Amino acid sequence: MQKIYTKIESIVGNVITVRAEGVRNNDLAEITTSRGKGYANVIKLDGDIVSLQVFQGAMGVSTGDSVRFLGVPMKVSFSDNLLGRIFDGSGRPRDNGPELTENMIEIGGPSVNPSKRIMAKNMIRTGIPMIDVFNSLVESQKLPIFSVSGEPYNELLARIAMQAEVDIIVLGGMGLKYDDYLFFKDTLEKSGAISRTIMFIHTASDPTVECTLVPDLSLAVAERFALQGKKVLVLLTDMTNFCDALKETAITMEQVPSNRGYPGDLYSSLASRYEKAVSFEGAGSVTILAVTTMPGDDVTHPVPDNTGYITEGQYYLRYGHIEPFGSLSRLKQNVNKDTRNDHRALMDAMIKLYSAYKDSLEKRSMGFMMSDWDEKLLKYGEAFESRMMDLKVNIPLEDALDEGWKILAECFEPTETGLRTELIEQYWPKER
Amino acid sequence: MASVSKGHVTGVNGNMVNVRFESQVIKNEVGYIHVGDTRLKGEIIRITDGIASLQVYEMTGGIAVGDEVEFTGEMLSAELGPGLLTQVYDGLQNPLPDLAEKCGFFLERGVYLPPLPDKDWEFTPSRKAGDRVIAGDILGSVPEGMFTHQIFVPFTLQGEWTIKSIKEKGTYNVHATIAVIGNREGEERELSMAITQPVKMAIKAYDERIRPDEPMVTKVRIIDTFLPVAKGGTYCIPGPFGAGKTVLQHLTSRNAEVDIVIIAACGERAGEVVEVLKEFPELIDPKTGRSLMERTIIICNTSSMPVAAREASVYTAVTMAEYYRNMGLDVLLLADSTSRWAQAMREMSGRLEEIPGDEAFPAYLESRIAEFYERAGKVRLRDGRIGSVTIGGTVSPAGGNFEEPVTQATLKVVGAFHGLSRERSDARKYPAIDPLDSWSKYTGIIDKDEVETAYSYLRRGNEVGQMMKVVGEEGTSLDDYVLYQKGEFMDAVYLQQNSFDPVDDAVTPERQKLAFSILYDVLTASYSLEDKKDARTFFNELRQRFLDWNGTAEDDERYDERLSELKAYAQSRRVK
């Protein structure tokens with residue numbers, strides 16, 4: 001039915017052009033090469049010259065290969081059959097399961113009307129004290145994990161995926177090392193969480209274009225589940241790879257780069273994905289937790305910088321733990337007033353004391369005398385690091401708060417903590 | 001209109017669409033691209049060789065070469081009239097709640113709804129048949145909430161016209177004809193309460209612009225006392241992410257002593273707009289006793305909404321501000337964030353393949369920013385009344401570095417600079433306005449010389465603090481140490497303000513004056529202090545008393561006691 005074009009005019013990077021008429025912007029095309037069938041989508045129209053980016057990459061594409069326009073934009077199947085499945089960046093199965101073609105939905109759909117959003121007010125418990133106690137993750141929040149290559153960010157994500165109290169997990173992997181992919185797969189399978197998980201995985205060896213599709217696929221599916229009333233947590237790793245893939249396409253298209261080679265619309269591209277985090281009135285929610293590795297540990301690099309302006313806070317993962325300073329959940333105020341009456345006060349007091357511990361540490365390293373108070377702080381700091389900050393610690397919020405009181409009681413007199421008397425009477429451990 | 005052109009799409013690149021047009025087109029004219037059953041709005045931003053380039057205010061997926069385009073002969077306009085207040089619009093003045101009713105959760109593209117609510121208003125004419133009028137003259141008025149909303153002759157009208165007929169006092173629909181006017185050439189026009197105004201053309205129906213010399217009270221101490229903003233002035237708030245730009249804007253939108261606040265949420269988080277949407281109807285304006293929403297208009301084009309409409313959103317907002325200014329009102333426009341608007345320009349410029357300037361921003365960035373801020377101002381209207389538009393824009397500099405083009409272009413044209421610092425926000429010192437880097441050219445509520453003196457203590461205290469980091473407390477003289485303590489004291493009790501405290505979050509000018517006089521006495525006094533420990537204890541105690549007083553409401557029974565205790569303690573160690 002559709003016309004087949006067999007003359008490819010140019011092949012630059014992963015972008016090919018053909019002369020064709022009646023083609024719509026963003027439409028999908030099927031391209032048949034000697035390597036088999038693949039897909040491409042229209043990214044630019046100029047007269048009868050149509051530019052397409054080839055998902056599998058243009059390597060091995062011949063000027064005589066055939067292009068067939070499908071007349072529809074990129075879509076992904078949506079049904080409960082997705083659960084437990086693993087797909088690649090083009091939405092094809094990666095797990096030897098059957099291909100899904102029922103109920104195709106569009107990806108990269110319109111944004112939610114701000115007047116239909118509701119304020120986030122439910123906490124997502126993760127069992128990690130540095131998150132639950134100090135920077136609570138809130139339903140419908142979008143939070144990045146700023147980290148550096150080599151840090152255990154994928155382990156952290158896997159743990160959150162296993163433990164978070166949500167209905168469905170969508171894991172989007174971009175530029176993942178194959179080992180990391182296997183790690184996610186094994187961990188989730190072993191824990192049984194795989195039955196409520198959908199994975200869209202692009203590994204480092206897969207074509208770059210597919211990397212740019214992973215967030216859209218993941219979020220389109222997540223959004224639909226949320227509309228059905230499900231609490232969905234979307235985990236994305238690593239968004240820096242996604243941005244680098246965007247950069248590659250932009251440069252191929254000869255767009256003027258704005259900052260360190262990234263395209264001028266980087267902010268908008270990131271925002272249109274992150275803003276999919278939402279809480280629907282009378283339905284479910286989408287929460288996004290995304291890893292952003294900071295090249296050279298530089299937070300002013302365009303990717304973390306633009307991300308920080310979009311997201312509602314950030315977690316810094318450094319030296320194997322979530323940093324208490326710099327990490328921020330902008331929405332924690334919405335939830336931590338309703339957990340337990342000591343939550344906020346204890347959180348503030350413990351952070352203040354930890355900050356004082358850091359000062360004492362500095363004093364000690366500079367060779368100054370240590371006072372009694374300094375010694376107390378040093379003891380406290382060590383306890384805090386091993387019993388709160390360590391990522392191995394895995395306890396519910398209430399236990400973590402009790403543990404906090406215990407640490408305080410072991411190190412200080414009640415009045416030294418700056419906590420209100422009523423709280424101390426209620427929670428200070430009675431005997432050592 | 002007489003001759004409207006048509007055309008066909010010849011190319012699509014991102015949000016730019018090229019169109020071959022038939023007869024004639026106007027630059028900045030609005031056109032609609034027909035894609036299936038939907039019509040997508042766009043604006044002509046360049047015309048070359050019979051091809052018009054449109055920036056399209058919607059996602060361009062699905063547009064094909066050959067699609068029909070219909071031009072309107074009109075520039076991008078806002079509809080102005082009674083009913084604007086309390087509304088929530090997108091960048092193209094679509095009422096979002098109505099849109100939600102029609103389309104549900106998502107913003108469907110190509111749906112454009114009438115901006116003004118279809119309501120009847122109680123019209124009182126102030127002119128009669130036979131009167132001569134020109135653009136911007138007042139025909140009558142309607143009550144809109146707590147304001148008298150004036151009905152104008154359209155600002156775009158050319159030449160002198162005569163009123164042929166005008167409706168009597170009575171209730172009419174916002175779009176009903178209330179007057180008929182004619183000119184010498186025998187043309188006739190029907191006027192309603194709603195008028196359209198091209199958003200990129202400033203409303204200039206006033207006698208003259210006058211100097212902004214009256215402070216606009218924000219109830220934030222550091223602003224009103226040290227870095228004031230004038231009614232009709234402009235200011236900018238640049239800051240890295242997380243430094244509290246939006247929080248400061250929200251505080252200002254709540255507490256500023258103006259008649260009308262217009263919030264332009266341009267390319268920022270949707271969640272923040274939601275907070276305003278849910279909070280404002282509940283909050284009561286202490287001055288009028290009515291809900292804050294009644295003096296507010298929200299234009300929101302959040303970050304995930306189409307990029308081109310961001311540009312439209314700031315212009316739509318400033319047009320509304322000028323409209324209300326012409327009724328003799330003081331209007332505050334808060335734009336958050338102008339960087340996103342500049343980025344939208346950059347994106348478009350890239351698509352047009354223009355030669356890029358610094359960081360790929362277009363060469364006309366500076367003139368566009370200047371044009372926008374210049375639409376602020378205090379004016380004397382034709383009937384002698386005074387109105388003003390104050391513009392406060394946030395800037396989100398890449399990497400928190402103020403040397404970037406948008407911050408620099410903005411600094412050139414604004415009257416006050418409130419730079420937020422990461423250092424202060426990390427230390428939880430809010431509002432995180434850097435007191436030493438920021439500046440203002442306006443006069444505030446406190447005597448200039450006294451402010452200058454207070455500043456000098458802060459500066460010198462800060463210098464001592466820097467020095468102490470190197471030589472330690474031991475190597476600092478007691479006099480210097482006291483200076484340092486005074487600087488810290490001023491920072492803690494005056495510059496910082498607790499926006500979560502019900503009393504401290506908004507401080508009236510009277511109370512600021514009182515607090516400043518106490519602070520001023522402390523700064524300029526000499527104290528008899530034995531050593532550094534004594535000095536530290538004294539200032540700590542003094543600070544505690546000042547902060548306690550800061551958190552005590554005037555009608556609190558402990559107020560007088562705390563005030564006199566503070567004053568007494570400040571006196572206690574003074575050298576006579």
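At what angle do helix α6 and helix α7 of chain A pack, and how far apart are their axes?

**View 1. Packing of helices α6 and α7 of chain A in the predicted model.** Helix α6 (residues 266–274) and helix α7 (residues 302–310) of chain A pack at an angle of about 50 degrees, and their axes are 10 Å apart. The angle therefore makes α6(A) oblique to α7(A). Their crossing is right-handed. On the α6(A) side, the contact is formed by Leu266(A), Tyr267(A), Leu270(A), Ala271(A) and Tyr274(A), which meet Pro302(A), Asn306(A), Thr307(A), Tyr309(A) and Ile310(A) of α7(A). Sorted by class, this contact comprises eight nonpolar, two polar and no charged residues.

View 2. Lys247(A) is classed as buried because 20 other C-beta atoms lie within 10 Å. Residues up to four places away in sequence not being counted, Lys247(A) touches Gly261(A), Tyr262(A) and Pro263(A). Gly261(A) is 14 residues from Lys247(A) along the chain, and the C-alpha atoms of the two are separated by 6.7 Å.

**View 3. The largest nonpolar core, with Ile262(B) among the residues having the most contacts inside it.** This core has 181 residues, and those with the most contacts inside it also include Ala264(B), Val331(B) and Met490(B). Helix α5 (residues 308–325) of chain B gives the most to the core, with 11 residues. Beyond its neighbours within four places in sequence, Ile262(B) is in contact with Ile297(B), Ile299(B), Ala317(B), Met320(B), Ala321(B), Val331(B) and Leu333(B). Another core, of 103 residues, lies apart from the largest one; among its residues are Val133(A), Ile145(A), Leu219(A) and Ala400(A).

Methods: Residues are numbered from 1 along each chain as its sequence is written. Chains are lettered from A and ligands numbered from 1 in the order in which they are written. This is a predicted model: local features need pLDDT of at least 70, side-chain atom pairs count only at pLDDT 80 or more; totals for chains, interfaces and linings use all residues. Axes are lines fitted to C-alpha atoms, for helices over the stretch in contact, and angles run from 0 to 180 degrees between N-to-C directions. Helices (H or I, at least four residues) and strands (E, at least two) are DSSP runs, numbered from the N terminus. Angles under 35 degrees count as roughly parallel, over 145 as roughly antiparallel, 65 to 115 as roughly perpendicular and the rest as oblique. A crossing is left-handed if the near helix is turned anticlockwise from the far one by less than a right angle, and right-handed if clockwise. Two residues are in contact if their C-beta atoms, placed from the backbone, lie within 7 Å. Ala, Val, Leu, Ile, Met, Phe, Trp, Tyr, Cys and Pro count as nonpolar, Asp, Glu, Lys and Arg as charged, and the others, Gly among them, as polar. A residue is buried if 20 or more other C-beta atoms lie within 10 Å of its own, exposed if 12 or fewer, and partly exposed in between; C-beta atoms are placed from the backbone. A nonpolar core is a set of buried Ala, Val, Leu, Ile, Met, Phe, Trp, Tyr and Cys residues joined through C-beta atoms within 7 Å.
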